[in-house]
Amino acid sequence: MAQAAHMSVPDLGSAIRVEHDRKRRQFTVRLNGSHDHAVLLYEYVGKRTVDLQHTEVPDAYRGRGIAKHLAKAAMDFVVEEGLKAHLTCWYIQKYVKENPKPQYLECILH
């Protein structure tokens, strides 16, 4: 008889800190000091236009608001830099819908 696998869910232990790597065009959260990380990827698709493409959080860390921190950091970056954004990533679309700040809405290209 197969035994159920138990997976320990790591604790974040501290405040979520988002890092922005402009060269690699990504926002990251290092998880529990390990090699695991959550990431939000973007690309410049014009001189002042970015495409927020993909957000990924490892399964063991989902449901803890990590993607929300990544989405906020990305949208704040778009606003602060005076950019326009395409929201290819479904999670960013959801985040903006749930947080319809005027400064966010003004930056979105439909």
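Keep in mind that the model is predicted.

Now show the helix axes. Helix 1 and helix 2 pack at an angle of about 80°, and their axes lie 10 Å apart. Angles of 65 to 115 degrees count as roughly perpendicular, so helix 1 and helix 2 are roughly perpendicular to each other.

Next, center on Met75. Not counting residues up to four places away in sequence, Met75 touches Leu52, Leu87, Ile92, Tyr95, Val96, Tyr104 and Ile108.

Zoom out to the largest nonpolar core, which has 31 residues. Select Phe27, Leu52, Met75, Val78, Leu87 and Ile92: they touch the most other members. Then color by element. Strand 2 (26–30), strand 3 (37–46), strand 4 (49–56), helix 1 (66–80), strand 5 (84–87) and helix 2 (90–98) each supply at least two residues of this core. Helix 1 gives the most, with nine residues. In soluble globular proteins, nonpolar side chains tend to be buried together.

Last stop: Gln103. Look for Gln103 in helix 3 (residues 102–105). Is Gln103 buried, partly exposed or exposed? Its relative accessibility is 35%. Buried means under 20% and exposed over 50%, so Gln103 counts as partly exposed. Finish by drawing a C-alpha to C-alpha distance from Gln103 to Val79: the two are 24 residues apart in sequence and 6.5 Å apart in space.

Conventions:
Residues numbered from 1 in each chain as written. Predicted model: local features only at pLDDT ≥ 70, side-chain atom pairs only at ≥ 80, totals over all residues. Heavy atoms only, no water. Helix = DSSP H or I, 4+ residues; strand = E, 2+ residues; numbered from the N terminus. Buried < 20%, exposed > 50% of the residue type's maximum accessible area, 1.4 Å probe, protein only. Core = buried A, V, L, I, M, F, W, Y, C linked by side-chain atoms within 4.5 Å. Contact = heavy atoms within 4.5 Å. Axes fitted to C-alpha atoms, helices over the stretch in contact; angles between N-to-C directions. Parallel < 35°, antiparallel > 145°, perpendicular 65-115°, else oblique.
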